[in-house]
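Please consider how the two chains of this model are arranged and what joins them. The account below begins with the interface and then turns to the relation between the copies, the charged pairs and the backbone.

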Protein chains: 2
Amino acid sequence: MKALGQQTSVEYYKCNPEILNDVSAIKRAMRTAAKLAGATIVQEAFHLFNPHGVSGVIVIAESHLAIHTWPEYGYAAVDLFTCGDDVDSELAFHHLKSELQAQDYTAVEMKRGILKPDDMEPVHYKSARELVEA
Amino acid sequence: MKALGQQTSVEYYKCNPEILNDVSAIKRAMRTAAKLAGATIVQEAFHLFNPHGVSGVIVIAESHLAIHTWPEYGYAAVDLFTCGDDVDSELAFHHLKSELQAQDYTAVEMKRGILKPDDMEPVHYKSARELVEA
């Protein structure tokens, strides 16, 4: 079925806990993952929690990549949400697996925005420019 | 089964397309959704795309909330990723449904980070402070 987006949700297990707690390393790994996948980085937000754990999101032109780490369990949750055919999130997945030194993982893929026939007719609406000019 | 996090992935259909293309309205709706759910906002990144569509992510202390909108299809994809028992993402879901004026929706809930017995023993690792002092 056709869909507007697709999401790969990955659980990385038995990662290197020091990397999971290194916000610079996580940021670097996520940025490179985005680039390798062919995504265009638009904005990002990363945060190192106290006492430990990193959360980070990169907004890409094609949706987003997100990570949350639990160094104490060697675990990281990653979402690779993309749209269009030009981004290959599997390349991001492999890069992150390698950078986090994950010895195990599971992954789920989900289509997002499967439109029904009556949703597929683009809605007419005023763009911001039309509103300003109205 | 016990899990470190939980994720609600919502597809909102037949939304008000003008709201879906209004980055300020989306930002306001997402911030309020986070607060209503009892989450603590840490960082955020929102972007209005050309010709239309909004992407936005709020990193919360309890993981993240993300939205991507397709005004032309009246569709928005939302992820409410939370951890702990203090955040009620259903309250965020209801608020966003109301603010986007969604006439239809589907939702999927997924547990994230279900640990196996040998992953449940916290790993010993050096904290940033220990590394600095070493």
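**The interface and its symmetry**

Chain B and chain A bury about 4400 Å² between them, and 60% of this area is on carbon and sulfur atoms. The model is a predicted one. To the contact, chain B gives 54 residues and chain A gives 54 residues. Polar interactions also cross the boundary: 22 residue pairs, both members at pLDDT 80 or more, are in polar contact across the interface of chain B and chain A.

On the side of chain B that touches chain A, the elements that give two or more residues are strand 1 (5-13), helix 1 (17-20), strand 2 (41-48), strand 3 (54-60), strand 4 (63-70), strand 5 (75-83) and strand 6 (104-112) of chain B. Strand 5 of chain B provides the largest share of that side, with six residues. By residue class, the side of chain B that touches chain A comprises 30 nonpolar, 12 polar and 12 charged residues.

How are the two copies related? In general, a rotation about an axis and a shift along it relate two copies of a chain.

**Salt bridges between and within the chains**

Side chains of opposite charge can pair when their charged atoms come close. Over all chains, the count comes to eight salt bridges. Across the interface of chain B and chain A there are six salt bridges.

Two of the pairs described here involve A:Arg112. In one, the side chains of B:Glu11 and A:Arg112 meet in a salt bridge with an N to O distance of 2.5 Å. B:Glu11 lies in strand 1 of chain B and A:Arg112 in strand 6 of chain A, so this pair joins two chains. Both B:Glu11 and A:Arg112 are buried. In the other, B:Asp79 forms a salt bridge with A:Arg112, and their closest N and O atoms are 3.1 Å apart.

Other charged pairs lie within a chain. In chain A, A:Glu44 forms a salt bridge with A:Arg31, the closest N and O atoms being 2.5 Å apart. Because A:Glu44 belongs to strand 2 of chain A and A:Arg31 to helix 2 (residues 23-37) of chain A, the pair ties together parts that are 13 residues apart in sequence. A:Glu44 is partly exposed, at 28% relative accessibility, and A:Arg31 is also partly exposed, with a relative accessible area of 32%.

In chain B, the side chains of B:Arg31 and B:Glu44 meet in a salt bridge at 2.5 Å, N to O. B:Arg31 is in helix 2 (residues 23-37) of chain B and B:Glu44 is in strand 2 of chain B, so this pair ties together parts that are 13 residues apart in sequence. B:Arg31 counts as partly exposed at 33% relative accessibility, and B:Glu44 counts as partly exposed at 27%. Elsewhere, A:Glu11, A:Asp79 and B:Arg112 are joined into one network by salt bridges that share partners.

**Backbone features in the loops**

Most residues other than glycine have a negative phi, and most peptide bonds are trans. Where does the model depart from this pattern? In chain A, a cis peptide bond joins A:Asn50 and A:Pro51, with omega about 10°. A:Pro51 is found in the loop between strand 2 (41-48) and strand 3 (54-60) of chain A. In chain B, the peptide bond from B:Asn50 to B:Pro51 is cis, with omega near 10°, and B:Pro51 lies in the loop between strand 2 and strand 3 of chain B.

Positive phi values also occur in chain A. A:Lys14, a residue other than glycine, has a phi near 55°. A:Lys14 is placed in the loop between strand 1 (5-13) and helix 1 (17-20) of chain A and is partly exposed, with a relative accessible area of 28%. For A:Gln101, phi is likewise positive, near 55°. A:Gln101 lies in the loop between helix 3 (89-99) and strand 6 (104-112) of chain A, and at 43% relative accessibility A:Gln101 counts as partly exposed.

Definitions and conventions
Residues are numbered from 1 along each chain as its sequence is written. Chains are lettered from A and ligands numbered from 1 in the order in which they are written. This is a predicted model: local features need pLDDT of at least 70, side-chain atom pairs count only at pLDDT 80 or more; totals for chains, interfaces and linings use all residues. Side-chain values use heavy atoms; hydrogens and water are left out. Contact means heavy atoms within 4.5 Å. Buried area is the accessible area (1.4 Å probe) that two parts lose on being put together, summed over both. A salt bridge is a side-chain nitrogen of Lys or Arg within 4 Å of a carboxyl oxygen of Asp or Glu. A polar contact is a pair of N or O atoms within 3.5 Å; within protein, one must be able to donate a hydrogen and the other to accept it, and residues adjacent in sequence count only if both atoms are side-chain atoms. Helices (H or I, at least four residues) and strands (E, at least two) are DSSP runs, numbered from the N terminus. Ala, Val, Leu, Ile, Met, Phe, Trp, Tyr, Cys and Pro count as nonpolar, Asp, Glu, Lys and Arg as charged, and the others, Gly among them, as polar. Buried means under 20% relative accessible area, exposed over 50%, partly exposed in between (1.4 Å probe, protein chains only).
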